[in-house]
Amino acid sequence: MRILILGGTGSARLLADRLVAAGHQVTSSLAGVTRNARLPSGQVRTGGFGGVEGLKKYLASESVEALINATHPFAAQMNLHAVRACQEAGVPNLRLTRESWAKRADAGGWLWAGDHVRAAHLAARIPGTVLLTVGRQHSDEYYARLAGRRVLCRVTLAPDTAVPDGWELLVDRGPFNLAAERRLFTTEQIAVLITKDSGGEQTAAKLTAAGESGTKVIMVSRPPLLPDQQAVTSINQALAWLDALGEPGLDCIG
Ligand code: NAP
């Protein structure tokens with residue numbers, strides 16, 4: 001089967017590896033924003049498609065039979081384009097995303113914000129050191145409201161713009177285990193954690209450490225799925241969805 005994976009995440013890479021091993025013709029598409037990205041098995045293409053029309057043309061010219069959008073849960077524009085293009089082209093499509101943190105037992109105690117502006121506004125009203133983990137491309141939305149505050153801004157790559165006075169960059173790709181997160185929250189006396197609902201296990205230790213140390217958590221909500229959009233939260237579920245499309249030979253569902 002010819003499968004297009006919209007990637008840029010670890011699960012997209014693992015999915016491509018599994019599908020290639022199962023004998024499928026897989027192309028992974030990367031936005032091209034991450035330097036030195038780890039590449040998945042199979043074909044790789046890089047860069048935007050040129051909106052819905054561009055993606056529709058690509059689906060037709062490459063005879064794509066199924067699309068799995070495994071981009072980050074906050075990649076809302078790509079998701080919208082993928083759903084529209086697939087609907088118009090008649091290509092089955094699935095969203096593979098991470099389980100939201102909203103289902104965690106401690107989520108009820110967090111302050112939820114609809115966007116980064118609201119999150120910055122909430123944080124400005126709580127005194128103490130801030131740990132900001134919203135990603136490189138959104139950190140600057142906090143500069144104005146949190147200038148002069150002590151902010152530890154944790155990013156995988158340093159932003160292009162200089163951070164305000166009082167801010168310190170923690171450039172770190174992780175993984176962030178619980179012991180290290182506990183040390184960070186205690187040593188730096190983190191009063192406020194601002195993060196976004198990326199979900200999954202990989203970066204969840206900070207939430208446990210925050211809960212243990214009495215840190216206020218401000219959580220930016222993720223963009224919703226589109227109406228009637230099919231979505232799964234595990235690679236095995238994505239493989240089962242492909243299997244159900246009627247293609248024989250997928251025997252790797254665990
Ligand atoms: P976005 O706002 O939803 O997408 C903006 C545009 O970038 C899309 O319209 C599309 O351009 C292009 N694009 C995005 N993902 C693409 C892909 N996998 N292949 C080809 N083109 C793609 O996306 P974003 O939030 O900027 O994220 C960009 C990439 O970074 C995604 O692959 C995502 O998985 C990864 N990422 C995002 C976050 C986050 O917090 N947003 C975090 C970690 C990783 P065209 O309209 O021209 O097709």
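I started at Ala-76: one of its backbone N or O atoms sits 3.3 Å from an oxygen atom of the ligand, a polar contact in the sense of N or O atoms paired within 3.5 Å.

**Ground rules.** I am working with a predicted model, where local features need pLDDT of at least 70 and side-chain atom pairs count only at pLDDT 80 or more, while totals for chains, interfaces and linings use all residues. I number residues from 1 along each chain as its sequence is written, and side-chain values use heavy atoms, with hydrogens and water left out.

**The shell.** I find 23 residues around the ligand, and Gly-7, Ser-29, Phe-49, Met-78 and Lys-196 come nearest (a heavy atom within 4 Å makes a residue near). By type I get eight nonpolar, 13 polar and two charged; Gly goes with the polar ones here. Which element gives the most to this shell? I checked, and helix 3 does, with four residues. Helices are DSSP runs of H or I with at least four residues, strands are E runs of at least two, and both are numbered from the N terminus.

**Second largest pocket.** I noted about 260 Å³ of space here, a volume being the space filled by probe spheres set on the grid points. A pocket is an open set of points on a 1 Å grid over the protein atoms alone where a 1.4 Å probe fits, with protein on both sides within 12 Å along at least five of seven lines; lining residues have an atom within 4 Å of a point. I count 17 lining residues, with Thr-97, Arg-222, Pro-223, Pro-224 and Leu-225 nearest the centre. Helix 3 (residues 76–89) turns up again, giving the most to this lining with three residues.

I found a cis peptide bond from Gly-174 to Pro-175, omega near 0°. Pro-175 belongs to the loop between strand 9 (167–171) and helix 7 (178–187). Gln-189 is not a glycine, yet I see a positive phi of about 50°; this residue is in the loop between helix 7 and strand 10 (190–196).

**Whole chain.** The C-alpha trace spans about 55 × 35 × 35 Å along its principal axes.

How values were computed. Polar contact = N/O pair within 3.5 Å; in protein donor to acceptor, adjacent residues only side chain to side chain.
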